[in-house]
Amino acid sequence: MQNIETIAIAFGGGPTPVIKDQAAGALFEIQQHSGLRAVVFKSGLEGFLYADANNVFDITHWSPEELRASGPGADPLHTTRLKLKKGKNAEEIAIILRNKERYSIDSMVYNGGNDTALTLAALGFGVHASKTV
């Protein structure tokens, strides 16, 4: 039996026109490798913090093209301005790490700017992708 690795895709900072393109690109790459599963949490990291069955979406079999073309509100992709720092947000970080285990998340692609990169460092897992250049 093959071990399935789950990768979460999330966005920090403000909304930009590239969000759906980046999500579609990440999803496309995940789909190229057997044994990978893609999930998103509605409203990004806030959805990860307040995770429940209503805001966790398995998008592994979604079409990247349809994800890119979906209209506002037709998909679970939203950004968050949630900023976490080591030593300051220990409770929120602990909850996210518990939800990471609860939903069997192995890694995360977290798209955003400097604050998003610092938040990812505080969490201690995942890969930062620049949302705007």
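Asparagine 111 touches Ile9, Ala10, Phe11, Gly12, Gln22, Thr116, Ala129 and Lys131, when residues up to four places away in sequence are not counted. This residue belongs to a predicted model, in which asparagine 111 lies in strand β4 and, at 3% relative accessibility, counts as buried.

**Overall form and surface**

- The C-alpha trace of the protein spans about 40 × 40 × 25 Å along its principal axes, and 44% of the 133 residues count as buried.
- Among contacts between residues at least 6 apart in sequence, 70% join residues that are at least 24 apart.
- The accessible surface of the protein comes to about 7,300 Å², and 52% of this surface belongs to carbon and sulfur atoms.

**Nonpolar cores**

- In soluble globular proteins, nonpolar side chains tend to be buried together.
- Here the largest nonpolar core has 20 residues, and those with the most contacts inside it are Phe41, Leu45, Phe48, Ile96, Ile105, Met108 and Leu123.
- At least two residues of this core come from each of β1 (5-11), β2 (36-41), α2 (44-49), α4 (90-102), β4 (107-112) and α5.
- Apart from this core lies another, of 13 residues, with Ile19, Ala26, Val40 and Leu77 among them.
- Methionine 108, which is one of the residues with the most contacts inside the largest core, touches Ile7, Ala8, Ala10, Leu45, Phe48, Leu120, Leu123, Phe125, Gly126 and Val127, again not counting residues up to four places away in sequence.

- Leucine 27 is found in helix α1 (residues 19-31), where its relative accessibility of 0% is under the 20% limit, so leucine 27 counts as buried.
- Beyond residues up to four places away in sequence, leucine 27 touches Ile9, Ala38, Ile59, Thr60, Trp62, Ser63, Pro64 and Leu67.
- The C-alpha atoms of leucine 27 and isoleucine 7 are separated by 9.5 Å, although these residues are 20 residues apart along the chain.
- Leucine 97 lies in helix α4 and, at 32% relative accessibility, counts as partly exposed.
- The contacts of leucine 97, not counting residues up to four places away in sequence, are with Leu123 and Phe125.
- Leucine 97 and leucine 82 are 15 residues apart in sequence, and their C-alpha atoms are 15 Å apart in space.

**Two further asparagines**

- Asparagine 89 lies in the loop between α3 (64-69) and α4, and its relative accessible area of 12% is under the 20% limit, so asparagine 89 is buried.
- Leaving aside its neighbours within four places in sequence, asparagine 89 is in contact with Lys83 and Leu84.
- Asparagine 114 has its place in helix α5 (residues 114-123), and because its relative accessibility of 68% is over 50%, asparagine 114 counts as exposed.
- Between the C-alpha atoms of asparagine 114 and lysine 131, which are 17 residues apart along the chain, the separation is 10.0 Å.

**Serines with positive phi**

- Serine 43, found in the loop between β2 and α2, has a phi near 65 degrees, a positive value in a residue other than glycine.
- At 24% relative accessibility, serine 43 counts as partly exposed.
- Serine 104, which lies in the loop between α4 and β4, has a positive phi of about 55 degrees although it is not a glycine.
- At 46% relative accessibility, serine 104 likewise counts as partly exposed.

Notes: Residues numbered from 1 in each chain as written. Predicted model: local features only at pLDDT ≥ 70, side-chain atom pairs only at ≥ 80, totals over all residues. Heavy atoms only, no water. Helix = DSSP H or I, 4+ residues; strand = E, 2+ residues; numbered from the N terminus. Buried < 20%, exposed > 50% of the residue type's maximum accessible area, 1.4 Å probe, protein only. Contact = heavy atoms within 4.5 Å. Areas by Shrake-Rupley, 256 points an atom, 1.4 Å probe, with all protein chains shown as cover. Core = buried A, V, L, I, M, F, W, Y, C linked by side-chain atoms within 4.5 Å.
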